Amino acid sequence: MSDIHTIPYKIYLEEHEMPKAWYNVRADMKNKPAPLLHPGTHQPMTAADLEPVFCKELVQQELDDVTPYIDIPQEIRDFYKMYRPSPLVRAYCLEEKLQTPAKIYYKFEGNNTSGSHKLNSAIAQAYYAKKQGLKGVTTETGAGQWGTALSMACAYLGLDCQVYMVKCSYEQKPFRREVMRTYGAQVTPSPSNTTEVGRKILAEHPGTSGSLGCAISEAVEAAANQEGYRYVLGSVLNQVLLHQSIIGLETKAALDKYNITPDVIIGCAGGGSNLGGLISPFVGEILRGEKQYRIIAVEPASCPSLTRGKYAYDFCDTGMVTPLAKMYTLGSNFIPSASHAGGLRYHGMSSTVSQLYHDGFLEAVSVEQTKVFEAATYFAKVEGILPAPESSHAIRVAMDEAIQCRETGEEKTIVFGLTGTGYFDMVAYQRFNDGEMTDRIPTDEELAASLAQLPKVD
Ligand SMILES: *Cc1c(COP(=O)(O)O)cnc(C)c1O
């Protein structure tokens, strides 16, 4: 704990130091992420194509590859102030316990009721919907974090919020459901008989417990069928990465305040929004030739889109109603095993993160669930925060890096994203504590079978 007197446990920015603009990393990318394609014509989606589904201003953000900084409206900044700036924590206790010369920092995004970083984009999306004069928004939620965040944002702005929640989560996570209902959201287990696509799926697969891809299809249909409603999405899209850049901008400002330069930056990757947001300002420096960093994306071995997927155009949902996105994908028909990191069970990856990975700006590793929970419980005991299973993927790799520094004697500075708390994931912890957790890794044959069904795009 050599520098404990010079660098605080928690580096908090002052309120006035909070970023006033989001950073759009696409502006500095030489190879831009590939455009979304219309699922029927395979032509790039225009603003006119996207506006019936998404809010107008969000469509502009989605398509903007050139503007580096986009102002954060004052109303959103006022909301951010309720739980931001979030702390950048020096993991002194973890360093000591691991006996490592490495310096470990984590950016903690779990300090709000929804319990994760998703609120950063939820409030932005709800704000633009309100500004457009809409009545409400529809969305899907898998593990429940996104639905919770969106419910909070909509309640704050007085917008109606309709959430299609994957049926097995709806049943297994009654407390998440009740938080959403407390904030006034209408929560429907998916598949449901309230939409045509839901009725079709129910007829074909009676008794199904649902999937994220199926809930997306229902939410999109529900938005299209109601006057004054639009669909919103909590990850994957460029606009979501843009909003999440607040994580990276704050992290960089806090590090700069104490003249700290990270060597390694680590984040978990589901759809890529927290990782993309955390790394954006640092990748910007790499892209502009100013600095070098090692960046690592961590994904579950049960759903390894970057490490074992294919870089190709694919649907974003199972019902094949969404536009096609070029991304690292396992195929939209791929159903990952029932892992406990629900937020990382997505077949694809943000097209921005995919392009950066393709161009060699970041590495990716996959980790097994039991190893992740070993790290999660270790971290909970040492650092006092009970981490979300998703976040614990990043903890695992940060710890492995620090342990390696112990062997080599290197004093690396490691920064990782701690995206949320695990209070609603106690069933997962229970499995782990009872020794009943398993690692289900897809075989090459299984992946080949789902990748064989990718849409043909030339
Ligand atoms: C949703 C979620 C993730 C994964 O989503 P990304 O879009 O990849 O960031 C990670 N951690 C937590 C706590 C989440 O809720």
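Visitor: Against which elements do the buried residues of α2 pack?
Guide: This is a predicted model, in which local features need pLDDT of at least 70, side-chain atom pairs count only at pLDDT 80 or more, and totals for chains, interfaces and linings use all residues. Residues are numbered from 1 along each chain as its sequence is written, and side-chain values use heavy atoms, with hydrogens and water left out. Helices (H or I, at least four residues) and strands (E, at least two) are DSSP runs, numbered from the N terminus. With contact meaning heavy atoms within 4.5 Å, the buried residues of α2 pack against β2 (21-23), α1 (47-50), β3 (69-71), α5 (119-131) and α11.

Visitor: Within what arc do the buried residues of α2 fall?
Guide: Buried means under 20% relative accessible area (1.4 Å probe, protein chains only), and Leu58, Val59, Gln61 and Glu62 of α2 are buried. The arc is taken from the directions from the helix axis to the C-beta atoms. The buried residues of α2 line one face of the helix, because they fall within an arc of 160°.

Visitor: Which residue of β4 is the bridge partner of Lys10?
Guide: Two strands pair if DSSP finds at least two bridges between them. β1 and β4 (residues 88-90) pair in the antiparallel sense over two bridges. In β4, the bridge partner of Lys10 is Val89.

Technical notes. Buried < 20%, exposed > 50% of the residue type's maximum accessible area, 1.4 Å probe, protein only.
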